[in-house]
Protein chains: 2
Amino acid sequence: MAPLVEGQARPIRLADIAKAAGVSHGTASNVFSRPEIVRAEVRERVKAVAEAMGYAGPDPKGRLLRAGKVNAIGVGTTEPLSYFFEDPFARVMMAGISEACDATGAGIALVSAANQEKLAWNIQSALVDGFILFCIEGGSRLVDLTRERRLPFVALELGFHDETISAIGVDNVAGGRLAARHLAELGHRRFAVLSLTLGEDRTGFVTPEMVRSAVYTGTRDRLAGYFEELSRFGVDTTQIPIFETENEQKSTRAGLEAIFSGGERPTAILAMSDRMAMIAIEWLTARGIKVPQDVSVVGFDGVPDGALCDPPLTTIAQPITEIGRRAARMILDFDGTVRRETMGVELVVRASTGPAPKG
Amino acid sequence: MAPLVEGQARPIRLADIAKAAGVSHGTASNVFSRPEIVRAEVRERVKAVAEAMGYAGPDPKGRLLRAGKVNAIGVGTTEPLSYFFEDPFARVMMAGISEACDATGAGIALVSAANQEKLAWNIQSALVDGFILFCIEGGSRLVDLTRERRLPFVALELGFHDETISAIGVDNVAGGRLAARHLAELGHRRFAVLSLTLGEDRTGFVTPEMVRSAVYTGTRDRLAGYFEELSRFGVDTTQIPIFETENEQKSTRAGLEAIFSGGERPTAILAMSDRMAMIAIEWLTARGIKVPQDVSVVGFDGVPDGALCDPPLTTIAQPITEIGRRAARMILDFDGTVRRETMGVELVVRASTGPAPKG
DNA sequence: GCGGAAATTTGAATCGATCCAACAAAAATG
DNA sequence: CATTTTTGTTGGATCGATTCAAATTTCCGC
């Protein structure tokens, strides 16, 4: 007597149901995907058999191959996955992406390429209809890899000046000017810049040549905006120290140390991200330097946290949610064309900036 | 002469490359998936052909069907997708899940079942190896739907008392006791409870029968913990108003109105979530009721925001990140067994609680 | 130059569905 | 009752890869 084999490993397939119910696999398929076209009697019979056999329903893996569309968009970054839930900027952006996806019922697949070895694999094997890329550090490798998939994709943030890829960014020059003008009009004349990365992973003071050869045009443009506007107010921009950081605590603090250990201290700091701006405020406050009485700080981004910190941050606000929404829609309604959009920014004045101290 | 058809819609398949390179598709496949076993010369030739034809690499859709594993875990909720990026509790949980996924290189697919019609479809067609379910409102439908997929899944948070499904929760009774004891030891004797939902979507005062028939055993257990401990201190728990909310601003405020418009005002509020606790603090403060001088408030969850609010929140902290990590590992290392884990909680005393006011 | 081991390559089978042209049966029409 | 129309069902083709046993080629030592 053959022993009963318990719990057959192989899951039930649609074909098994069809055979058991005595119908063709075509009909069995219709029972699940277009029930209205199959005769009620047959439909119920097949459903009953499926139920009895413990059928899990048509496997999406099978359907996918036929259908071609995953109905999900991938969001890629070179940061670890937790970045999406912890970074304030990413979170607001994701909220915008979520909105657009919710509206069409699409899902979101988070893909991290933090791990160098698995970077390629994760991008290559992601089951998505397109990608939205958070191009931060190491973004160019991410873009190259994604391009190979030949799926629609959009690059966000500090873009490279590559006209062949779709991207959504903000008017960085205008943003820089807005920030600079605000401070200049408050009477400030001595500045320091906390800059995002210009290209290679490095931190430290930046020379004019390095600015000219910047890979990240976003960083370069903000800088250009700052300087153009300050020049109009007669500020000698060649004297302004620019410290390149990695947009995190350690290098930003190092930058502040470096800037404030110099001879002539600035009365205003132009930070290229709210994150750096908030780190700066904390650092200054901890050293008894009052913000904004002694030093004013302007951020860039407009993340919600900026309104909550103490003092609340003056910043250049990007329409982050809207950028996210548009990026998602670009993928969802992809029509084969490269699109490049530039969004406006606006100055949000809060309490981290004030009149330049006298003398 | 036949006209050249530009931009053939159909993307290049591996079989096209094989044919063009004059090798079998088996070999062509090996070139990409196990390059080391194909002769260097052939390998290079195939790669060159692929490059020339603009091949995007093996399509994961095809591979998936064969391989069977997606290498991604789905996280499902009945909230909109933005919930994952905006809710503080969800965010910490997702950070834990992210950690575990990063460690094994798995991806995360976010699945929302907010939309009733698409609820089923989204769960049914998600390309994942398993699910982690955030079981909040309407969680039972979500669980039922997921169960049908016959994939491993774990339910988080206020579990139903269904022993047949894997779940990770916290010791709600112990948490309730901890909160109650803390307040009782501070001398409080008049309490009010801001409760999470017990079952159906409703808000308002709760009767003892409703507690007994609670669907959400988590809510019931916290309540039991509160009451058991308070009884020990001689408090008549039958007099304690319990207001059921939806864990958001509107219903929580309504609860506070109702509680504070009664005759004898409580000196302490037991809130079943940090969210409600923070809303309570805000509401009380706005009405000139000082926290903790006039009324003490204890939350539940231990979200980071609690430490930042004013006054900082005393709460029962769950090991949220660890729960997330474990949930992810449960899916990643699924061994076919149902697991139910209960995690410990701890009292975190901050400034929202103080001695009961005299008199 | 030969036998046998090792290294490559082949091609059919498989993964699990959906689609669709062709056919069959039932219903409506003349 | 014969003919069209409508409604349902069938089974082969397809989606795009991977796998593996079998066939073939290459490599070695003698």
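Student: Which residues come nearest to DNA strand D in this predicted model?

Tutor: The model is predicted. In it, 27 residues lie around DNA strand D. Those that come nearest are G26(A), R13(B), S29(B), D59(B) and G62(B).

Student: Which helix supplies the largest share of the surface near DNA strand D?

Tutor: Helices α2 (25-33) and α4 (60-67) of chain A, and α2 (25-33) and α4 (60-67) of chain B, each contribute at least two residues to that surface. By class, the surface has 11 nonpolar, 9 polar and 7 charged residues. The largest share, 6 residues, is supplied by α4(B).

Student: What kind of axis relates the two copies?

Tutor: Chain B can be laid on chain A with an RMSD of 0.1 Å, by a turn of 180 degrees and a shift of 0.0 Å along the axis. The copies are thus related as by a two-fold rotation axis.

Student: Which residue of chain B comes closest to the rotation axis?

Tutor: The copies meet through the same surface, because 100% of the interface residues of chain B are also interface residues in chain A. With its C-alpha at 2.1 Å, the residue of chain B that comes closest to the rotation axis is A109(B).

Student: Is the crossing of α6(A) and α15(A) left-handed or right-handed?

Tutor: Helix α6 (residues 88-104) of chain A packs against helix α15 (residues 320-332) of chain A at an angle of about 45 degrees, with the axes 7 Å apart. The two helices, α6(A) and α15(A), are therefore oblique to each other. Their crossing is right-handed.

Conventions: Residues are numbered from 1 along each chain as its sequence is written. Chains are lettered from A and ligands numbered from 1 in the order in which they are written. This is a predicted model: local features need pLDDT of at least 70, side-chain atom pairs count only at pLDDT 80 or more; totals for chains, interfaces and linings use all residues. Copies are superposed by least squares on the C-alpha atoms of residues with pLDDT of at least 70 in both. Two residues are in contact if their C-beta atoms, placed from the backbone, lie within 7 Å. Axes are lines fitted to C-alpha atoms, for helices over the stretch in contact, and angles run from 0 to 180 degrees between N-to-C directions. Helices (H or I, at least four residues) and strands (E, at least two) are DSSP runs, numbered from the N terminus. Angles under 35 degrees count as roughly parallel, over 145 as roughly antiparallel, 65 to 115 as roughly perpendicular and the rest as oblique. A crossing is left-handed if the near helix is turned anticlockwise from the far one by less than a right angle, and right-handed if clockwise. A residue is near a molecule or strand if its C-beta atom, placed from the backbone, lies within 6 Å of it. Ala, Val, Leu, Ile, Met, Phe, Trp, Tyr, Cys and Pro count as nonpolar, Asp, Glu, Lys and Arg as charged, and the others, Gly among them, as polar.
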